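Here is a short briefing on one structure. Please read it with the sequence and the model side by side.

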Amino acid sequence: MSVAKRVSEEMETELGEKVGYAIRFENVTGPNTIIKYMTDGVLLRETLKDSDLDKYRVIVMDEAHERSLNTDVLFGILKKVVARRRDFKLIVTSATLNAQKFSHFFASVPIYHIPGRTFPVTTLWSKTPVEDYVEGAVQQAMRIHITSPPGDILIFMTGQDEIEAACYVLAERMEQMVSSSKKAFPKLLILPIYSQLPADLQAKIFQRAEDGARKCIVATNIAETSLTVDGILYVIDTGYGKMKVYNPRMGMDTLQVFPVSRAAADQRAGRAGRTGPGTCCRLYTESAYLNEMLPSPVPEIQRTNLGIVVLLLKSLKVDNLLDFDFMDPPPQDNILNSMYQLWVLGALNNVGALTDLGWKMVEFPLDPPLAKMLLMGEQLGCLKEVLTIVSMLSVPSVFFRPKDRAEESDAARERFFVPESDHLTLYNVYQQWKQHDYRGDWCNDHFLHVKGLRKAREVRSQLLDIVKTLKISLTTCWPDTDIVRKAICSAYFHNAARLKGVGEYVNCRTGMPCHLHPSSALYGMGATPEYVVYHELILTTKEYMQCATAVEPQWLAELGPMFFSVKESDKKKQKQEKTAMEEEMENLKKMQAEVERKQKQEEKEKLAKQQQQVSMPGLKKGSSTYLRPKKLDL
DNA sequence: GTGGACACC
């Protein structure tokens, strides 16, 4: 938006006239707009309505090296548009590191180099691997503060916990230093930043420090690309970051600490050179950088659940997904698994084409199971309730639990509990917030993140607009919440689990152990329920179900017949059902095999390269102790 | 009996 604003000022027009912008919840453009700045997500949605993008003559894909999921899907689509339309131009801008690769993907088009305007950055390497990088970073920061000329410090850590620890230790060391030193000591302003930090605290990093004080910002990779602070002359890079990795076989996301890529490390270093010549202290050896880090991060499309991507591409008439021209094709397992899941949800038919339900699901910017929950809400007569639940599930957890007020915030959360369902608990939170006029101070009083709730409200209103354009009627079942639980069950029966012990479950289909999270409302039932469905399974210290709801076993049979049947039922009928399902499965397997065969033919050369990238923890053999990704035992 | 980088539709 700020770029759009600057350009429109330069062209001496109002923003939204000749120059405009569009992001998810905002569209500031008009009939006279000739330059439109937008996110890759907005453009991707536009291609669904007009796959030739006839509205545009030129598209500039900026920051292409970031390789977001949407950008990667767009590349494949735009490549086709370029082939079809003679009057269309595509310009891709990227960090030079990857330029060759982009050029090659688009039939070896010419590359233009545009020199950057940053200052040189001196790199200092660690001579030996650093065992404890939190401690290492703190020591380095103190050293810079004591011995180096003015200029702010930026430290990269992996997450909230580390940031809090680092800030705490830093403050402690500073205090010791000040009290043991006789002379006056320059101040150090320690500032944490990560996305979940409340906005007012985030804003502090941009404020000027009082006279003589040096700022020390301790950040996640939010400071790598998303926000830029001027005045940084020193960067301390731990060399690590968190990354979400999807495991299709277990249907589970893990958030793991990995060494960052060389490209990311260089990006981090560059943050020291915006104001003047800077310094980057890397808490890893030059050899680790050269030999053990990947040149660039594994693209998101290769490590994510592809449900929504499959749905989108199917709606664009890409019949054979393994044939789609991805710059870096995702692992076949991910594609096939997502197709299977869409088939199970009833979005794809036996030959892999979109069903009526599937076509409707595409309209919603939601993961397929969430879209299905919405549409089942329509069918079952509880759309209003489900709209709220889906919106709440689309934002980060709204419960705020500061460490120093853990008990107090737990008690506040428990007051919202609906004992049979975490989903209904979320609904309850939203309703109460609404009844209190969507007030911010009410959120603070009840240990809720205002930001998250506001976002949920925006999402809800966007979904409501789509519901209206589809002429779906807005039904409610209140106060019969069993119907809501049925709607949840109808979209999440693949995540059904059966009780094994208190709070201990196993997935009904896969046998995967899964645990109720200690924060779940279901603990409030006294005895935990026999059957639950859950929103997602996340591996941390255990496999935890995030957001679970008690369901009746007969609902599973009724709403998820491809997985479940009631034992007592007529054996003959059961056998017939089984045969029918087996037949469908066979069809699906045939479809998959055909798709696989073609893929193998055409992508033979690519495959070796691809596999190298796909084996995600993706580090070369003989990694030193510096590289120790958490091992995932499957 | 306790979690969770970051964008985005």
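A salt bridge here is a side-chain nitrogen of Lys or Arg within 4 Å of a carboxyl oxygen of Asp or Glu. Glu408 and Arg405 form one, with the closest N and O atoms 2.8 Å apart. This is a predicted model: local features need pLDDT of at least 70, side-chain atom pairs count only at pLDDT 80 or more, and totals for chains, interfaces and linings use all residues. Side-chain values use heavy atoms, without hydrogens and water.

**Confidence**
- Chain A has a mean pLDDT (the predictor's confidence in each residue, from 0 to 100) of 86. In chain A, 89% of residues reach 70 or more.
- Residues 577-581 stay under 50 in pLDDT. The model gives residues 577-581 two contacts (heavy atoms within 4.5 Å) beyond four places in sequence.
- Residues 601-634 also have pLDDT below 50. Their stretch has 56 contacts beyond near neighbours in sequence.
- Where pLDDT is low, predicted coordinates should not be read in detail.

**Nonpolar cores**
- A nonpolar core is a set of buried Ala, Val, Leu, Ile, Met, Phe, Trp, Tyr and Cys residues joined through side-chain atoms within 4.5 Å. Buried means under 20% relative accessible area, exposed over 50%, and partly exposed in between (1.4 Å probe, protein chains only).
- The largest core has 100 residues. Leu313, Phe364 and Leu453 are among those with the most contacts inside it.
- Helix H18 (residues 450-469) gives the most to this core, with eight residues. Helices (H or I, at least four residues) and strands (E, at least two) are DSSP runs, numbered from the N terminus.
- Leaving aside neighbours within four places in sequence, the contacts of Leu453 include Met392, Tyr430 and Trp433.
- A second, separate core has 27 residues, including Ile163 and Cys281.

**Salt bridges**
- The structure holds 26 salt bridges.
- Asp52 and Arg84 meet at 2.6 Å, N to O. Asp52 is in the loop between helix H2 (40-49) and strand E4 (58-61), and Arg84 is in helix H3 (residues 69-84). The two are 32 residues apart.
- Asp52 is partly exposed at 23% relative accessible area, and Arg84 is partly exposed at 47%.
- Arg274 and Asp230 pair at 3.6 Å between their closest N and O atoms. Arg274 lies in the loop between helix H8 (262-270) and strand E13 (278-282), and Asp230 in the loop between strand E9 (214-219) and strand E10 (232-237), so the pair ties together parts 44 residues apart in sequence.
- Arg67, Asp72, Lys101 and Asp328 are linked in a salt-bridge network.

Note on methods: Residues are numbered from 1 along each chain as its sequence is written. Chains are lettered from A and ligands numbered from 1 in the order in which they are written.
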